[in-house]
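Please open the model in your viewer and keep a selection panel at hand.

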Amino acid sequence: MSAKVFVLLVVLLSVATVCLHAAPQAEKYEAVSNKLLRPEYEYKYEVKDPEKQLFFDKNEAGDTAGKVTGRYSVWLPDGRLMTIKYVVDKEGGFQPEVDFQDNANPLSG
């Protein structure tokens with residue numbers, strides 16, 4: 001075997017090893033009665049910046065069956081507060097409800 005072929009093989013094996021170790025790990029689900037249980041989660045955040053007149057927030061939660069419920073709001077430049085409430089599930093997919101509140105000021109109070 002020539003030196004060039006040997007070096008090429010070493011490089012290819014090194015790259016393959018790095019790729020295998022860097023591959024993302026599959027999420028661990030628990031199987032119960034042929035159903036996959038996902039971990040429950042909940043998160044929320046809020047941004048208020050009176051100086052720049054910015055406001056947005058979000059709340060979301062998911063259950064073990066895969067159903068996600070949430071809400072997010074954005075204070076629009078025209079003074080309205082847009083709020084989207086949503087449910088995501090296998091049957092209906094993403095199901096939003098959009099609401100606008102006129103002359104809102106989420107920065108006060």
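Patches, as the word is used here, are made of residues with over 30% relative accessible area and no salt bridge, where like charges are joined within 9 Å and nonpolar side chains (Val, Leu, Ile, Met, Phe, Trp, Tyr) within 5 Å. Accessible areas come from the Shrake-Rupley method with a 1.4 Å probe, and for residues only the protein chains shown count as cover. A salt bridge, in turn, is a side-chain nitrogen of Lys or Arg within 4 Å of a carboxyl oxygen of Asp or Glu.

This is a predicted model, in which local features need pLDDT of at least 70 and side-chain atom pairs count only at pLDDT 80 or more, while totals for chains, interfaces and linings use all residues. Residues are numbered from 1 along each chain as its sequence is written, and side-chain values use heavy atoms, with hydrogens and water left out.

Begin by selecting Y41, Y43, Y45 and F56, which make a nonpolar surface patch of about 360 Å². Which strand gives the most to this nonpolar patch? Strand β3, residues 41–49, does so with three residues; strands (E, at least two residues) and helices (H or I, at least four) are DSSP runs numbered from the N terminus.

Stay on strand β3, where Y43 lies, and show the side chains of Y41 and Y43. Y43 counts as partly exposed because its relative accessibility is 33%, and Y41 is likewise partly exposed, at 35%; buried means under 20% relative accessible area, exposed over 50%, and partly exposed in between (1.4 Å probe, protein chains only).

Next, turn to the aromatic rings. Rings of Phe, Tyr and Trp (its six-membered ring) pair if their centres lie within 6.5 Å, with planes under 30 degrees apart counted as stacked, over 60 as edge-to-face and the rest as tilted. By this rule the count comes to three aromatic pairs. One of them joins Y41 and Y43, a stacked pair with 6.4 Å from centre to centre and 15° between the planes. The pair of Y86 and F94 is tilted, because the ring centres are 5.6 Å apart and the planes stand at 40°. Y86 is buried, as its relative accessible area is 6%.

Now colour the charged side chains, among which three salt bridges are counted. Select R71 and D57, whose side chains meet in a salt bridge with 3.0 Å from N to O. This pair links distant parts of the chain, since R71 is in strand β5 (residues 68–75) and D57 in strand β4 (residues 54–62), 14 residues apart. Is D57 buried or exposed? D57 is buried, with a relative accessible area of 11%, whereas R71 is partly exposed, at 22%.

Select E60 and K58 next: their closest N and O atoms are 3.6 Å apart in a salt bridge, and both residues are buried. Then move to D78 and R80, where the side chains meet in a salt bridge at 2.8 Å, N to O, and where R80 is partly exposed, with a relative accessible area of 27%.

Finally, clear the selection and view the whole chain. One helix and seven strands are present, running α-β-β-β-β-β-β-β from the N terminus on. Of the 109 residues, 17% count as buried, and the accessible surface comes to about 8800 Å², of which 58% belongs to carbon and sulfur atoms.
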